[in-house]
4 protein chains.
Amino acid sequence: MGGQQPDDPAARREPGAHRVLRAARPEGSRVQVGGVEVGGPGFVVMAGPCAVEGTEQLELTARAVAHAGAHLLRGGVFKPRTSPYAFQGMGEPGLKLLVDAGRRHGLPIISEVMETEQLPLMAEHTDILQVGARNMQNFGLLRALGRLRKPVLLKRGLSATVQEWLNAAEYILAGGNEQVILCERGIRTFETAMRNTLDLAAVAWAKEKSHLPVIVDPSHATGLPSLITPMSLAAAAAGADGLLIEVHAKPEQALCDGQQAMSPEDFASLMRRLPGVLAAVDRHLWTPEGPAQIAGAR
Amino acid sequence: MGGQQPDDPAARREPGAHRVLRAARPEGSRVQVGGVEVGGPGFVVMAGPCAVEGTEQLELTARAVAHAGAHLLRGGVFKPRTSPYAFQGMGEPGLKLLVDAGRRHGLPIISEVMETEQLPLMAEHTDILQVGARNMQNFGLLRALGRLRKPVLLKRGLSATVQEWLNAAEYILAGGNEQVILCERGIRTFETAMRNTLDLAAVAWAKEKSHLPVIVDPSHATGLPSLITPMSLAAAAAGADGLLIEVHAKPEQALCDGQQAMSPEDFASLMRRLPGVLAAVDRHLWTPEGPAQIAGAR
Amino acid sequence: MGGQQPDDPAARREPGAHRVLRAARPEGSRVQVGGVEVGGPGFVVMAGPCAVEGTEQLELTARAVAHAGAHLLRGGVFKPRTSPYAFQGMGEPGLKLLVDAGRRHGLPIISEVMETEQLPLMAEHTDILQVGARNMQNFGLLRALGRLRKPVLLKRGLSATVQEWLNAAEYILAGGNEQVILCERGIRTFETAMRNTLDLAAVAWAKEKSHLPVIVDPSHATGLPSLITPMSLAAAAAGADGLLIEVHAKPEQALCDGQQAMSPEDFASLMRRLPGVLAAVDRHLWTPEGPAQIAGAR
Amino acid sequence: MGGQQPDDPAARREPGAHRVLRAARPEGSRVQVGGVEVGGPGFVVMAGPCAVEGTEQLELTARAVAHAGAHLLRGGVFKPRTSPYAFQGMGEPGLKLLVDAGRRHGLPIISEVMETEQLPLMAEHTDILQVGARNMQNFGLLRALGRLRKPVLLKRGLSATVQEWLNAAEYILAGGNEQVILCERGIRTFETAMRNTLDLAAVAWAKEKSHLPVIVDPSHATGLPSLITPMSLAAAAAGADGLLIEVHAKPEQALCDGQQAMSPEDFASLMRRLPGVLAAVDRHLWTPEGPAQIAGAR
């Protein structure tokens, strides 16, 4: 727990974020996640429930999203909740369920890590470590993630400027871990009709300024299922590299954020609509074989 | 200047906005503007300089946007400026230039009206009366516009909720003028990297709640020319009915907001990219002949 | 309706706001209002109902605030309402009631003007013309107010920066009317527990940067009667020159914003608590005779 | 790392925050800190540098604030910085300097804890553990603090609603640690003239809803030294229980936030002005002997 000597000249020189800048890697970064590539021409969709709640719920949802063409399975086992009395996630037993479901359906998994102490467990069993909006400036956690060599999905903070978002990513890259994916999930504004305000211009801005892949979470951003499809298509058109979407087999029974989960049917419909928009911006849904395959399939 | 009697029962009954709701016209409204239809399957692009500055600037810009396929010519002659000492617009002489340029290039024109006193002049010579963000709750102006039978483009206020935006439109419809087009132009948030925060979810929300056409102004929303193309494509994918874009033949010489104007070349490039995204959401750039023509052109 | 020639060099020179700056009048401005001085050492309290609703309501409220020591009577007769179907104010008949009530109780009156067309009537009969938050950048109205020689109270816009607030005042001063009082009334933020977020630092900032008097409206700022007393005392401690408070003899029957009106009893209690805080910052409640009188009364 | 069983009925029942509510302790909480009481009639001032930078800087500042009448010494040794390359604090050696300075001047100390791993060290040596705005919803840290029996100062998050702020405190109380002090430090809004927007209405709101003491940090809230005095007086008038102020013996040489630090002279002047405002709201600067002593001293 030694600190920095303030008379160390380094303490006064303050280079800005630079490892995250596009100039550092003009061609853009591609993050490999269990056989899936994020940040290349293929557009990657991560879907699943807000929280892992039990075997049946997870199996139904995982099967549905896999069948619809999702590339990764998401599911929270440690849940950051505003109230200490709200469902806090299933923890390690939930993680085991998630791992099993991912394996059964051939999907890499992504799950949120809230504390440094959870890192060994989560890093061993998940394919992407998700940092939630409330932890975007949990600098101890960012530094710990920088010491890993494991993909990290860094959500933008509720009221983080885009510059602060890049700076937070810089903490991870500065530690030597370059596998960072940015995720826009809506910012907090005066508007109350939607849960947050989805800032798609921030996606285009981040793609211009940084080489890191940028994906969009339209579920938390809007909180309204009927807006998820138009916002997903808009994200694709804006140049995002993928989506993170909440899907629940039985949204009305969800323990967490059920009101914003897509039904499996609506998710499947979205997956059928994405290729057209992606093609218009010279992208395609990711496949192991690349775009030609997709083009043939249309 | 008589008022309302507070003991009039009507003063206590307060119906919410209802004329603007989709339930009032489930099939959606279409606004006819000098031969162009806004709100139907055709996507409408309005482009031109922030402010009319002179004959040559306007002619160069009008010619460029017409050539690229814009459907209306925009140009401010009365400019709301934060400082009383900033260029306030050319006024009536500017309007004449705008009318002439529109006629030369076969484009209907849209221009901002700031005060009730400007209405007779502006209503006679323009095809759409634009209400700026700062006037969204200028209720006297809204009421006066309600008494006209003329298309109105109502920009969302800088910090107006989507519900307040609909309520403002209701003021116009309540007066009997149903030719209202909504325009999302970004809201004011903590983020400073962009001029405003473009709220595309508000577009999808407004399309769901209301029958009114909704267009997007990516120029004021972002203030950054490099973001206008991705945000225009995203707006199209999100279900917007059109765009309002600032184009300037010589952005570096503009008297007003030049830093956010697109060059004619970038605008032409955007116009070539829009049809692909529109087709993916079953829309097309507006043409007098409708979609078949466009489909053939692709 | 002539405009500005853009090739006029003045159109390119853009001096910032300067007439409003403290440097222009280091000793500070004092605005005389029907025998009351705003901006000097005396602290001025304007109180009354949100809207004039009828003879009895107004008389009860006016008598109560006069008795408690208020210096001006407020009351809206033209009301800016979000919905076109909400009570829009009594108009001219309401103004007559307000004038009569002010005269009966020896209080100058302040009332909101929403449109240029209302100016002749309102300027003739009121002592201060109030510009509401939604009209802070109604530049036509500001220019018309600049041509008068009459006190204007300029409320800060819902999402106006403090610099834009000063710029709006500059519009009025640039026209030759120097009798401007600024009013902070809360800004729009993400917080929903209060109606707005009262920005008292903006008061201290404005007092430092500008010579204009600055008062505070804690009623609209908080929307919660229980917060009005602490925020009024805080405003006095922060250096404000006065208060604008909604008081209603029967808040539960108010046609407009009753939920945020103070009761006459709470208002009287606040008036008894203000002198102590004011004395601590070398101020006093305004009296015709000045501070000595007050000091003796304590 | 076991989690919660979602079929546990407790996972579905979600009581709101209740331990923090005033109803739970109507008389209000008083937190004892090294001989000083926070939350009683005595108003408590915590002052010192943003960061501990070295022996001389700290000694000069500590001596000045002690001499002026501060009750606690503040100083960061672990600093949350937006950039990974900015001065991150002196760590444990800095803590030792802070402890020594506090002891020399008879002042209990308060310092920020950023991570659970720092807790044993910080809990042993500091008198109050400060949780910064960026960690207000670092739930792991909050839970760890709940297991201690040690005063915690919980800053409001940059964009936390007042309800979320109380919920965050509930996390600590739910763990059994009731010694929580809330601290308002400004929220993030569109305004850029000040560093943040100080929300004093939130102080009055929190005092009404909760029994916890509430103090104000005007340094981070405004970022402008000239506003610290008026905002400190306003906080006292609004009912705050104390202040947390950045003072630096040589602000222009500070390694961290020097631009917002008060000079020792200005701080001493503020300390002389506080008693008057406090007396007006029936409070006094805290002293071991209570108010009578103070009254005699004025």
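## Chains A and C

Four residues of chain C and four residues of chain A make up the contact between these two chains. The model is a predicted one. About 290 Å² is buried between chain C and chain A, and carbon and sulfur atoms account for 81% of that area. On the chain C side, the residues that lose the most area to chain A are R188(C), F190(C) and T192(C), which together give 89% of what that side buries. The interface of chain C and chain A has zero salt bridges.

Chain C is superposed on chain A by a rotation of 180° with 0.0 Å of shift along the axis, at an RMSD of 0.0 Å. F190(C) has the C-alpha nearest that axis within chain C, at 2.1 Å. F190(C) is also among the residues of chain C that lose the most area to chain A. Of the interface residues of chain C, 100% are interface residues in chain A as well, so these copies meet through the same surface.

## Chains A and D

Between chain D and chain A, the contact takes 57 residues from chain D and 57 residues from chain A. The area buried between chain D and chain A is about 4,600 Å², with 52% of it from carbon and sulfur atoms.

Chain D is superposed on chain A by a rotation of 180°, with a shift of 0.0 Å along the axis and an RMSD of 0.0 Å. The two copies are thus related as by a two-fold rotation axis. In chain D, the residue that comes closest to this axis is S159(D), whose C-alpha is 3.1 Å away. For chain D, 100% of the interface residues are also interface residues in chain A, so the surface through which the copies meet is the same.

## Salt bridges

Side chains of opposite charge can pair when their charged atoms come close. Over all chains, a search of the whole structure finds 69 salt bridges. The count between chain D and chain A is four.

One salt bridge pairs the side chains of E115(A) and R143(D), at 3.9 Å from N to O. Another pairs the side chains of E115(D) and R143(A), with an N to O distance of 3.9 Å. E115(D) is in the loop between β5 (109-112) and α4 (119-125) of chain D, while R143(A) is in helix α4 (residues 139-146) of chain A, so this pair joins two chains.

## A helix pair in chain B

Two packed helices are described by the angle between their axes and the distance between the axes. In chain B, helix α1 (residues 55-68) and helix α2 (residues 92-105) pack at an angle of about 35°, and their axes are 10 Å apart. The crossing of α1(B) past α2(B) is right-handed.

The α1(B) side of the contact consists of T55(B), L58(B), E59(B), A62(B), R63(B) and A66(B), which meet L97(B), L98(B), A101(B), R104(B) and H105(B) of α2(B). By type, the residues of this contact of α1(B) with α2(B) are six nonpolar, two polar and three charged.

Terms used:
Residues numbered from 1 in each chain as written. Chains lettered and ligands numbered in written order. Predicted model: local features only at pLDDT ≥ 70, side-chain atom pairs only at ≥ 80, totals over all residues. Heavy atoms only, no water. Least-squares fit on C-alpha atoms with pLDDT ≥ 70 in both. Contact = heavy atoms within 4.5 Å. Axes fitted to C-alpha atoms, helices over the stretch in contact; angles between N-to-C directions. Helix = DSSP H or I, 4+ residues; strand = E, 2+ residues; numbered from the N terminus. Left-handed = near helix turned anticlockwise from the far one by under 90°. Nonpolar A, V, L, I, M, F, W, Y, C, P; charged D, E, K, R; others polar. Buried area = accessible area lost by both parts, 1.4 Å probe.
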